[in-house]
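Here are my notes on the two-chain model you sent. They come as numbered points, to be read with the structure open.

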Amino acid sequence: MDPLTELDRRDEDLLRPPPPVRRILVDEQPTIVQAPATGTVAGNGAVGIAAAPAVRRAEPSPAPKIERMRAEAVSIAYGEKLAVDKVTIPVRQGEVLALIGPSGCGKTTLLRSFNRLVELTPTAVRGGRISLDGEDIDAIEVTALRQRVSMVFQQPNPFPMSVFDNVAYALREQGSRRPRRESLQDPVADALQRAGLWDEVGSTLDHPALRLSGGQQQRLCIARALAARPEVLLLDEPCSALDPRSTQVIEELILRLREEVAVVIVTHNMQQALRIADHVGFMYLGELVEYGPAEQVFGSPREQRTREYVAGAFG
Amino acid sequence: MNATAQRPPALPARATAPRDSVRAWPLRDQVGYYLAWIAGLALLAIAGSIVAYMAYRGAQYFDLSLLLESPNAEIDQSASGGFKDPLIGTAMLLVMSTLIAAPLGVAIAVWLTEYGRPAGLARAVESAIEIVAGTPSIVLAMFGLILFQEWFGFLTFDAEGSTLGRSFIAAAAMMSLIALPLVVGATRESLNAIPRHVREASYALGKTKAATIRRVLLPAARPGIGTGTALGMGRVAGDTAIVVVLLGSTLQIINGTDGGVFGLFRGTGSTLTSYIYLNSPAGEGLAPEKAYFAAFVLMCLVIVLNFVVTRLARGRKPQWTR
């Protein structure tokens with residue numbers, strides 16, 4: 001078909017009223033609910049709740065901004081392949097830093113270097129300096145570092161134990177089942193409250209964590225990461241496996257948490273970055289192309305590559 | 001508002017047979033299809049007739065008091081006693097060989113999946129497991145006989161100064177080699193099924209590899225460990241060659257020279273399999289009817305173990321997304 005005709009037809013499709021919504025009621029004849037009045041059809045074809053609401057920016061946090069971590073000229077390579085190229089970026093408490101960029105741009109590698117998880121890859125090598133409260137992280141014992149710089153992953157991954165033990169795992173000594181429950185009751189409850197999960201699981205702490213819903217599991221992972229009172233919380237696409245409702249809950253949670261910990265989030269979701277980030281770093285082919293306040297990176301990017309990526313992502 | 005839903009119009013009648021009907025397939029595929037059906041049904045019939053026949057023959061000599069009587073090597077079947085000793089012997093071998101195979105198998109599986117370096121050594125260990133798994137049990141038995149005659153005679157039954165290389169310890173040690181590959185295989189499989197990010201989540205909380213293995217990975221692999229162990233126990237309960245060679249052809253449990261528990265482990269005896277073998281027409285044929293009942297008991301035992309395997313395999317495996 002001729003491309004122009006095709007475009008025409010698409011426009012027609014958009015102008016046509018949407019198909020009636022079908023509602024199935026249990027034990028009743030299926031019914032057809034009247035289609036919404038045709039007059040409300042918006043120009044972009046979005047109707048009612050389906051319409052993407054204009055992205056609302058979160059208010060900046062009133063908490064003071066304190067720099068907790070800093071990457072200075074950090075380069076990371078997997079064997080011969082350079083994944084992160086001389087990146088310098090600060091991580092501050094009191095705000096959310098979002099790392100955005102296309103797949104394979106090195107944002108997750110950079111994130112994983114903050115708690116030295118990248119060292120688990122045998123071929124990985126790192127140059128440059130990363131500091132935590134002014135101290136070089138290479139000088140900190142790795143298990144101690146990871147208690148101070150905690151991480152939540154893309155897929156919810158509670159451990160095969162009870163809700164209580166999942167949170168307590170972070171607080172107990174290496175592999176120990178001690179201290180016993182009584183002395184950990186308060187910090188566990190506190191972590192669950194900070195992760196906004198207490199109201200849902202407070203009375204069922206003994207249930208297996210893997211029976212929780214996906215969104216609850218992810219908040220449990222956040223509670224687990226918060227339990228040891230870290231200074232920095234790293235989030236690697238924490239919502240990409242979740243439904244929109246759970247995503248919203250977790251985003252609200254992140255906005256609350258930024259006052260007590262420095263938050264770094266890697267996300268593919270531009271609108272998420274716009275909703276929750278205070279600062280945004282745009283990475284491309286291992287380089288930090290642009291770093292600045294979210295309004296500036298999304299509103300008036302300085303770099304051509306940022307402009308194209310941000311524009312493309314918004315459609 | 002509530003207009004009733006319209007039924008979709010009936011599909012028009014087809015002029016030709018639908019493509020997905022077997023009759024429309026090429027002959028070759030049809031033959032294959034029916035052969036597959038027949039094979040499945042035949043297997044069902046075979047399994048059913050084994051159970052039914054053994055139950056029938058076992059029921060003919062059904063007598064629970066046999067489970068409580070010690071056997072005697074009497075020509076007269078009515079005086080030949082029951083199979084208490086073989087039952088105890090089977091139980092002892094199951095427990096002893098599991099106690100050896102399960103920890104060892106889990107350790108090997110953990111090393112292979114979590115460490116496995118240098119890679120050449122890991123491959124060699126894998127091959128070693130395959131060799132052990134592929135060795136016929138009679139070969140393992142002969143190997144065990146030499147081993148326990150030449151080097152570990154002090155762990156075997158002492159027949160007036162001459163070492164025969166036979167004892168529960170010797171039999172259990174070789175039996176554990178039968179169970180070992182199954183434990184390793186099932187444990188490795190469930191460890192491999194744990195996504196990498198679960199391990200990383202534990203490291204990211206500042207935990208060491210050892211703590212992660214102990215508190216996260218092994219609990220997650222528990223259904224697999226259980227499955228492998230139960231499978232191994234089924235094989236141990238059913239093996240005959242090792243029992244006949246390494247436990248001897250005495251029907252009764254004979255304590256080793258020094259008495260006590262160690263004496264029992266050093267002693268010889270029999271199991272259900274050797275009892276069946278010795279009492280059937282294939283052996284000395286002294287009590288064939290009792291052999292059928294013993295065979296029925298053994299079959300029930302193994303079926304129960306297999307049932308446990310199925311339950312464990314279906315059990316609550318932790319589900320993570322990769």
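1. Burial and fold of chain A. Of the 315 residues in chain A, 40% are buried. Keep in mind that this is a predicted model. Chain A is built from eleven helices and twelve strands. Of its contacts with a separation of 6 or more, 67% are between residues 24 or more positions apart.

2. The interface. Here 30 residues of chain A are in contact with 27 residues of chain B. Several elements of chain A each supply at least two residues to the side that touches chain B: β2 (31–32), α3 (142–148), β8 (149–152), α4 (163–171) and α7 (214–227). Which element gives the most to that side of chain A? The answer is α3(A), with four residues. By class, the side of chain A that touches chain B has 17 nonpolar, eleven polar and two charged residues.

3. Helix α7(A). This helix is one of the elements that supply at least two residues to the side of chain A touching chain B. At 1.5 Å a residue, the 14 residues of α7(A) should span 20 Å, and the end C-alpha atoms are 20 Å apart, so the two agree. Look just past the helix as well: R229(A) takes a positive phi of about 50° there.

4. Other backbone points in chain A. Most residues other than glycine have a negative phi. Two residues of chain A deserve a look on that count. R116(A) is not a glycine, yet its phi is positive, about 60°. R116(A) sits in the loop between α2 (107–114) and β6 (124–132) of chain A. Is R116(A) buried or partly exposed? It counts as partly exposed, because it has 19 C-beta neighbours inside 10 Å and a buried residue needs 20 or more. L285(A), also not a glycine, has a positive phi of about 50°. Its place is the loop between β11 (279–284) and β12 (287–293) of chain A. With 14 other C-beta atoms within 10 Å, L285(A) is partly exposed.

5. A cis peptide in chain B. Most peptide bonds are trans. The bond joining R117(B) and P118(B) is cis, with omega about 0°. P118(B) is in the loop between α2 (84–115) and α3 (119–134) of chain B.

6. A helix pair in chain B. How do α5(B) and α8(B) cross? The axes of α5 (residues 168–192) and α8 (residues 222–238) of chain B come within 8 Å and cross at roughly 155°. That angle is over 145°, so α5(B) is roughly antiparallel to α8(B). The crossing is right-handed. From α5(B), the residues making the contact include M175(B), I178(B), A179(B), L182(B) and V183(B). From α8(B), they include P223(B), I225(B), L231(B), M233(B) and R235(B). The contact of α5(B) with α8(B) has eleven nonpolar, eight polar and two charged residues.

7. A189(A). This residue is found in helix α5 (residues 181–194) of chain A. A189(A) is partly exposed, with 16 other C-beta atoms within 10 Å. A189(A) and A168(A) are 21 residues apart along the chain, and their C-alpha atoms are separated by 9.8 Å.

Key
Residues are numbered from 1 along each chain as its sequence is written. Chains are lettered from A and ligands numbered from 1 in the order in which they are written. This is a predicted model: local features need pLDDT of at least 70, side-chain atom pairs count only at pLDDT 80 or more; totals for chains, interfaces and linings use all residues. Two residues are in contact if their C-beta atoms, placed from the backbone, lie within 7 Å. Ala, Val, Leu, Ile, Met, Phe, Trp, Tyr, Cys and Pro count as nonpolar, Asp, Glu, Lys and Arg as charged, and the others, Gly among them, as polar. Axes are lines fitted to C-alpha atoms, for helices over the stretch in contact, and angles run from 0 to 180 degrees between N-to-C directions. Angles under 35 degrees count as roughly parallel, over 145 as roughly antiparallel, 65 to 115 as roughly perpendicular and the rest as oblique. A crossing is left-handed if the near helix is turned anticlockwise from the far one by less than a right angle, and right-handed if clockwise. The expected span of a helix is 1.5 Å times one less than its number of residues. A residue is buried if 20 or more other C-beta atoms lie within 10 Å of its own, exposed if 12 or fewer, and partly exposed in between; C-beta atoms are placed from the backbone.
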